[in-house]
Amino acid sequence: MDTHDRPIRRVRRVRSTSPRGHELAAVEQGAPSVSVRELPVLPVRNAVLLPNMVVPLFIDRDPALRAVEDAMNHDRTILIVSQRSEEVGDPLPQDVYHIGTECAVNRVLRMPDGASSVLIQGLRRFRIDAWLQQSPFGRVRGVAFDEPTLQDERLEALARTVLGYFESCTKLSPKLNEDSYIQALNLELPGALADFVVTQIEPPLAKRQEILEALDPHERLRQVCLLMRHELSVLQLEQRIQTEVQHEVDRGQREYYLREQLKVIQRELGEHDPALRDSLDLRARVEAAGMPEQVRTRALKEVERMEGLPSMAPEYGVLRGYIDWLLALPWQTRTEDQFDLRRVADVLDAHHFGLEKVKDRILEFMAVRKLAPEGRAPILCLAGPPGVGKTSLGRSVAEALGRKFVRVSLGGVRDEAEIRGHRRTYVGALPGRIIQTMKLAGTTNPVFVLDEIDKLAADYRGDPAAALLEVLDPEQNNAFSDHYLEVPYDLSKVLFILTANVLHTIPAPLRDRMEVIEIPGYTEDEKAHIAERFLVSRLMRDTGLTAARFEIDEGAIRRVIHEYTFEAGVRNLDRELAAIMRRVARRVAEGRRHKATITAKTVPLYLGAQKYFPTEAEESDQVGVATGLAWTAAGGDLTTVEVMAVPGRGNVQLTGQLGDVMKESAQAALTFTRARAASLGLSETFHERNDIHVHLPAAGIPKDGPSAGMTMAIAMISALTGRAIRRDVAMTGEITLRGRIMPVGGIKEKVLAAHRAGITTIILPQRNLKDLEDVAPEVRLALTFVPVDCMDDVIGVALPSAGPQSTGELFPPPSGGMLTRTPPSPRALPDPLPAAGRVARPRARRTPVVVGQPTSSPSAI
């Protein structure tokens, strides 16, 4: 029977530690202490009632109410017994303990809801021997045990021990008072003393039931002694913990007040505590940092704010971190530039082969800096395909100038805060990458490389490209504002070098602030020279090989370039050479002592079968098949345009995964052909009786761009007139409806591709002639260039047996014979640039052509 509506706790079943024989012996010693009685039973949960305890019970169940009513009708006594499990609602005989407490019902108060409040007083222990009934309420027969009155020395000793423990607990426990101890002193029976102490300290229910079942006073006092000793140990530990906590609190408060008083005293005496010394040190460092006046004033103001805060305040750490950032930045520290232009040129040549434009621009910058030391640094953007040495060039420039080198990769950055930082209101805020890198550099004039600027992204967090406008604008970057610092920082002395693979993905306002230097792909000869001068020696050091154990000849290097790489740079060439050397190093480590000499014939033994296959010129002149020149991210390449006219209804079919611009070029070529039908010997209605199919092989690769217009037009004319196109001629150029040839980009890469494939004659727009200056002299000498302004010139060269007489002439050789010569026979060993490796860039809306370099739109052809 639960006494309250409070949550119940599970009580483990505890057996009596006193055997039945021992209990009877105790009873026999204390002469009228046993009586047999029949009593109504009231089971309770979450409570153990000991003799002499007075507790109220709230009863709302019918069996319990009936039991109380029966007790009131007789001698007002009832048996209170605890349940073994508090989860049983209607307990059976086996669900209750066999020893309880005979109690007197002092008062019964009826509640309006039908429940009753009963005031119960424990009288004596009671052992259940038999259950007489279970319904409508429980009734039992058993033995009631009066408290024995026998006294002996052992009982007295146990009682004194319990009283001593109880006195100590009274002094330590806030729940006990002195009145409880006095009441315990006035108890005459040792067993009653044990029961009283247990009711005061309130041990767990199982322990209380165990003490209730201890009929022998000796055993009961022994158990209470153990219980009190444990309770006293717990109270002493609690007291120790509370004392330590209070001591820490008092000490903290005491130290705070003393420290405040000490500050006043030391301020009067001119002495300072560590916190004040730290503040003075910060002030001294601010004064010595060489900050601009505006920044210095802000830093001193923040130091003053920090001085007024306790060191444990959260804002104290924020202010200290901000001041440390201001002090860590270089404000006046700078490195002296090396103005020996010859030394600068030697350093650049020692680290990089070719790249003359970039080297010349760096030397020009140094010359201007030497004459005007306070001039503004340029913003250089090195644009070119992967692997041509853009990033490493920045490191070489720093070494040549004697400056610190720092680098930040912008690939994938899409948060403006990466550039400008977070405001200090955010938890864990930091400056942006620009300021962090300047701290790392430690000088105000490092060489700062912003890598992969063409791969910036933007999302809901802002546009980092827009944040870079201030960084890269010479008119603004002398007062760059970071969100974290909130003070201007001078970036005008920094030499910014940006790298990009393409330019069309860079926003126009950002691109307008750069001085773009195109770095085209390397020629075969340049790659071979780079491998011999730089790659082989470095890879030998990395793999631990020496000249006595490894050698690779030029033929092997060129075969690796031909058959195992397809790139504008030398990154894959470096990997393939490293693969060869690793295999040689393994053989050396296995104990093979003979020298490994790598020749062109033995390359497949180390690298396996050929990986790339060349795009070569056609084997014979063919009708409707023209050779065009394409620009790809890996350099130039040849592309074949095939046109076939079949009987039909005038349909035009374009295949080969062509982009919109290329489709428009095909339509322009067809319109021109129709307009010149009479002069070409074609019927004016030829388009009505024929279907024209234009196809560019390698259909799995997207293609786009305007520079195939000339090629598609000559292929259409060849297919319709039945005249073959020269196989040794390649061409590039945009065509208009009137047959004019417009300039295109990527001339150097296209010329190199034609040279590798064995082409002897290149037809190109007249306005692209100046772009040939970027082509190596040995390549120009091996080719014949035909500049054209209109399709009549193209027809006269590509279709020598055409109807109308060509109005153009071969480009006359200038002084020195650099651009034309008698066309040589095709090379016996063309450079193998595979068709499978061509990459066509997606094309955006075309912007005006920049003559001499690839267009800003991603034209591939």
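**Entry 1: a loop residue, and the ground rules**

I began with Asn-52, which counts as exposed because its relative accessibility is 51%. For that I use these classes: buried is under 20% relative accessible area, exposed is over 50%, and partly exposed is in between, with a 1.4 Å probe and protein chains only. The model is predicted, so I kept to its limits: local features need pLDDT of at least 70, side-chain atom pairs count only at pLDDT 80 or more, and totals for chains, interfaces and linings use all residues. Residues are numbered from 1 along each chain as its sequence is written, and side-chain values use heavy atoms, with hydrogens and water left out.

I found Asn-52 in the loop between strand 1 (34-44) and strand 2 (54-59). Helices (H or I, at least four residues) and strands (E, at least two) are DSSP runs, numbered from the N terminus. Asn-52 is not a glycine, yet its phi is positive, about 75 degrees. Most residues other than glycine have a negative phi, and most peptide bonds are trans.

I noted Glu-202 alongside, with a positive phi near 50 degrees in a residue other than glycine. Glu-202 is in the loop between helix 5 (190-201) and helix 6 (205-212), and is exposed, with a relative accessible area of 54%.

I also looked up the peptide bond from Ser-135 to Pro-136, which is cis, with omega near 5 degrees. Pro-136 sits in the loop between strand 5 and strand 6 (138-145).

**Entry 2: the whole chain**

I counted 27 helices and 26 strands in the chain. Of its 861 residues, 50% are buried. Among contacts with a separation of 6 or more, 74% are between residues 24 or more positions apart; contact means heavy atoms within 4.5 Å.

I followed strand 3 (residues 77-82) to strand 4 (residues 99-110): four bridges join them, and they run antiparallel. Two strands pair if DSSP finds at least two bridges between them. Leu-79 has Glu-102 in strand 4 as its bridge partner.

Strand 4 also pairs with strand 5 (residues 116-133), antiparallel, over 11 bridges. Strands 4 and 5 form a hairpin with five residues between them, and Gly-114 in the turn has a positive phi of about 95 degrees.

Strand 7 (residues 379-383) and strand 12 (residues 495-500) run parallel and are joined by five bridges. Cys-381 stands opposite Leu-498 in strand 12.

On a 1 Å grid over the protein atoms alone, a pocket is an open set of points where a 1.4 Å probe fits, with protein on both sides within 12 Å along at least five of seven lines, and lining residues have an atom within 4 Å of a point.

The lining has 25 residues, and His-352, Val-388, Gly-389, Ser-392 and Val-570 lie nearest the centre. Helix 11 (341-351), helix 13 (390-401), helix 18 (524-543) and helix 20 (571-589) each supply at least two lining residues.

**Entry 3: Ile-557**

Is Ile-557 buried or exposed? At 1% relative accessibility, Ile-557 counts as buried. Ile-557 lies in helix 19 (residues 554-564). Leaving out residues up to four places away in sequence, I listed its contacts as Ala-528, Ala-531, Glu-532, Val-536 and Ile-552. The C-alpha atoms of Ile-557 and Glu-532 are 8.3 Å apart, across 25 residues along the chain.
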